[in-house]
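Dear colleague,

I am passing on the structure below, together with some notes on what came out of going through it. Please read the notes alongside the coordinates.

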Amino acid sequence: VMKSWNFAFVASHDLNEPLRKIISFGNRLLDKAKNLEPDAKAYAEKMQSSAKRMQTMIEDLLKYSMASVRGEAFRSIDLNQVVRDVLEDLEASITATQGVIRAEGLPTLEADPVQMRQLFQNLISNALKFHKKEQAPQIELVAKPVRKDSWDIDIKDNGSGLNVEQKENIFQPFIRLNGRSDYEGSGIGLAICKKIMARHNGNIEVSSSDEGGSTFKVTLPIKQSSR
């Protein structure tokens, strides 16, 4: 835990501070763009774009590091309410993509409420983002009990699906999947999901059919050992 906190501090402060200065002085340079030659203005814009992309990666690396550090205490939470809150946060993306999300009958179990919200927001926003261009995204969350002590929750979408290589690497941090370079983001969201599931003594895996679409299966225990 101490190593994670040390790393988080370096990522958030020591690396971000000089980057903020680059962005700040880059903004000043662009304010004077009318006095620059066209190619000089283009160089400044590219510098700013790269610096902001690096800043996003540092922030995401911080989130990844913090996912294994103790967050909020585990308590009994209703995942139906968690998903309702997530859908409210994602309202703009849902409207823009004309997405349809169905979720009901999700369990109440012991978990970190903040990390559960982060988990479902990553999974649902990915399904919205990576939909087929000719189809509006349709996402369904289906829950079923497993034995007496845990639940499986499937997050199914009608997207383009995944090939074998993508399925093997999808939970690795900063892996940009083939054909997805046109999408925003650093590719760390699913790696964070994996860490969240490890903290919750659960599991996450993905499957995809030949017809397209992917299913992320989340397995969570009903009760957690005290941590």
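Gln98 is exposed, with a relative accessible area of 61%, where exposed means over 50% relative accessible area, buried under 20%, and partly exposed in between (1.4 Å probe, protein chains only). Gln98 sits in the loop that runs between helix H5 (91–97) and strand S2 (100–103), and its phi is positive, about 60°, although Gln98 is not a glycine. A second residue of this kind is Asn201, which is not a glycine either and has a positive phi of about 55°; it is found in the loop between H8 and strand S6 (203–208), and with a relative accessible area of 47% it is partly exposed. As background, most residues other than glycine have a negative phi.

The model is predicted, so local features need pLDDT of at least 70 and side-chain atom pairs count only at pLDDT 80 or more, while totals for chains, interfaces and linings use all residues. Residues are numbered from 1 along each chain as its sequence is written, and side-chain values use heavy atoms, with hydrogens and water left out.

The protein chain has an average pLDDT (the predictor's confidence in each residue, from 0 to 100) of 83, and 83% of the residues score at least 70. Over residues 178–183, however, pLDDT stays under 50, and for this stretch the model has 10 contacts (heavy atoms within 4.5 Å) beyond four places in sequence. Where pLDDT is low, the predicted coordinates should not be read in detail.

As to the overall make-up, the protein chain contains 8 helices and 7 strands, these being DSSP runs (H or I of at least four residues for helices, E of at least two for strands) numbered from the N terminus. Of the 227 residues in the chain, 38% are buried, and among contacts between residues at least 6 apart in sequence, 70% join residues at least 24 apart.

On the H6 side the contact involves Gln115, Met116, Gln118, Leu119, Asn122, Leu123 and Asn126, which meet Gly189, Leu190, Ile192, Cys193, Ile196, Met197 and Arg199 in H8. By class, the residues of this contact divide into 8 nonpolar, 5 polar and 1 charged, with Ala, Val, Leu, Ile, Met, Phe, Trp, Tyr, Cys and Pro counted as nonpolar, Asp, Glu, Lys and Arg as charged, and the others, Gly among them, as polar.

Gln48, in helix H3 (residues 38–66), is buried at a relative accessible area of 4%, and, leaving aside residues up to four places away in sequence, it touches Ile22, Ile23, Gly26, Asn27 and Leu30. Ile22 belongs to helix H2 (residues 16–31) and counts as partly exposed, at 40% relative accessibility; with the same exclusion, Ile22 touches Met47, Gln48 and Ala51.

Finally, helix H4 (residues 79–89) has as its buried residues Leu79, Asn80, Val82, Val83 and Val86. Seen down the axis of H4, these fall within an arc of 160° (taken from the directions from the helix axis to the C-beta atoms), so they line one face of the helix.
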